[in-house]
Number of protein chains: 4
Amino acid sequence: MSRKNRLSHLKTMMLMPIMLFLALFAFTPSAIASSSADITLDQAMAVIAAARTKAQKQGTLMDIAVVDAGANLKAFVRMDDAFLGSIDISIKKAKTARFFNMPTGDLGALAQPGKPLYNIEFSNGGLITFPGGLLLKDSKGVVIGAIGVSGSSVENDHEVALAGAQALLK
Amino acid sequence: MSRKNRLSHLKTMMLMPIMLFLALFAFTPSAIASSSADITLDQAMAVIAAARTKAQKQGTLMDIAVVDAGANLKAFVRMDDAFLGSIDISIKKAKTARFFNMPTGDLGALAQPGKPLYNIEFSNGGLITFPGGLLLKDSKGVVIGAIGVSGSSVENDHEVALAGAQALLK
Amino acid sequence: MSRKNRLSHLKTMMLMPIMLFLALFAFTPSAIASSSADITLDQAMAVIAAARTKAQKQGTLMDIAVVDAGANLKAFVRMDDAFLGSIDISIKKAKTARFFNMPTGDLGALAQPGKPLYNIEFSNGGLITFPGGLLLKDSKGVVIGAIGVSGSSVENDHEVALAGAQALLK
Amino acid sequence: MSRKNRLSHLKTMMLMPIMLFLALFAFTPSAIASSSADITLDQAMAVIAAARTKAQKQGTLMDIAVVDAGANLKAFVRMDDAFLGSIDISIKKAKTARFFNMPTGDLGALAQPGKPLYNIEFSNGGLITFPGGLLLKDSKGVVIGAIGVSGSSVENDHEVALAGAQALLK
């Protein structure tokens, strides 16, 4: 490292605490008040655990994604040997369910050729409109996110998503 | 090629000149006037206000987008609790209507499987070809932009878009 | 329309009310309970109105975007003759501010060559890290969204964004 | 169709039932045994747990992503109130580390203006080249994946990633 670079590095090192202070303390404190209507990580992990248990009972290998009320990824797991292609599908299913506040399969029925929402999949950077995506609601019925499951038949995917969603109602 | 397919093909061939005439002469000439034929923000907000009033009468929750004569976003509102997935769809409907100077539903009829414009949705970064997108014309009939509405059934979406478009004719 | 097509059309028409009932009533009611910590459209329009007033005082022409707590577009206006290229920039500024809970300019200071977050702009489908994006907080200090402004110098953009954000504190 | 092509076609036709059987019934368990050098979900969750513990000690809020030996997402968690913009960054850090088999910060040093890999971030759909991404190796030193952490200063991000990686060495 040259002398000039070392000085520049030192200057950066000295500025860092100030910049970090600004970034971490001056701006975020009031920002980190959680929305009461958004999913917590504990809730998301409980959803995923229930979904995995169901998949194990089925003998299937699943990709499981949970998004929050804003349709942003909250948690994801891919079971060992589950499809690589289902990473994106499970995430898109979860987003699609939240985007339109309905099970992905219900949207798919409206998106067939000749049906009112044909080719809606071209929106939002790509949707998945077959079963396996469901809304997540808290015990009061408020939507707090969505789950997307992919890795087996759409029937199995749907059942695993349902098991995940039901974990929040207990 | 079967006889039936040939007939269908012929029908398409015969319709093409009419469609092109409509597309090239009936719609564009007056549209290519200067910037005096572009929508103002006041006009766009009047369109959106009329569309919102209609949605409220319907009891629906809508995403409403207005683009200018250049198909560039001019104004957008998402009513409280309207679908997140309809942000992109309402904008794409408005752009699609202006891209081809026709209601999105009319384009959709040509984009079904087996129809002349099948899968046109792959162009322009994604189109939406079901109802809810309409051209906006000023009181002289000059195209100055387009409106796209999404959030309910395609029938409701279309009605709300129509109410928005009619606000410019008063 | 052929007889077969008419029948098919009729069938679709008859199925529509049922499908719409399922889509609109069975699924959404409990879904439309708003998060108490998310921006309303009334709030977003008040933010935009204050921002426009400030821009008019400056004599600048601005694109103004507001996103909600989930970084999803809530409202947008482009003043007459404001830059077309600022549509995307204003939206990206609003998203960037909410993505990292800080003013976009503060992130930009950390993203310069040799600085800790160099080229962070390659994430999230493209960020804008110069001034003009600010968090929106309600009167209790809870983050409910963000504003992005683009169309003039970054100083002017920032001032207009600030005027918008302050409208929520009154 | 040439004779050779027909034979090849026949062979495919005969193989199809077997392939379908494998795909639908024997499915993944025996058909697709895991690479012995790929991360398991149990390992990924142990990595994430150790990273979360470290973040809690720091008092930081992190997005944590784990990819497998193929650079495909294996598991992800976003701590409550962690940056939305860090979803993509944490995943890109993990992928970047595995793409080039080095800590993201090491790549970043080579990607500065004037350096040999300047603007390498344009590749692979976007890279993140500042610290917070590290390779994951098993106890024998074999690369089995990577971890990406984002949500605080790059120093904190790196430390949390390191704590995650070290969980596999115990």
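How many bridges join E2(A) to strand E2 of chain D, and do they run parallel or antiparallel? I found 3 bridges between E2(A) and residues 73-78 of chain D, and the strands run antiparallel. Strands pair if DSSP finds at least two bridges between them; a strand is a DSSP E run of at least two residues, numbered from the N terminus. Ala75(A) stands opposite Val77(D).

I noted the conventions. This is a predicted model, where local features need pLDDT of at least 70, side-chain atom pairs count only at pLDDT 80 or more, and totals for chains, interfaces and linings use all residues. Residues are numbered from 1 along each chain as written, chains are lettered from A and ligands numbered from 1 in written order, and side-chain values use heavy atoms, without hydrogens and water.

**Chains A and D.** I looked up the contact (heavy atoms within 4.5 Å). It takes 31 residues from chain A and 30 residues from chain D. The buried area is about 2500 Å², 55% of it from carbon and sulfur atoms. That area is the accessible area (1.4 Å probe) lost on putting two parts together, summed over both. I found 4 salt bridges here, meaning a side-chain nitrogen of Lys or Arg within 4 Å of a carboxyl oxygen of Asp or Glu. One of them joins Asp80(A) to Lys74(D), with the closest N and O atoms 2.8 Å apart.

**Chains A and B.** I found 17 residues from chain A and 20 residues from chain B in contact. They bury about 1400 Å², 65% of it on carbon and sulfur atoms. In chain A, Phe100(A), Tyr118(A) and Phe122(A) lose the most area to chain B, together 40% of that side's buried area. I counted 0 salt bridges.

Terms used
Helices (H or I, at least four residues) and strands (E, at least two) are DSSP runs, numbered from the N terminus.
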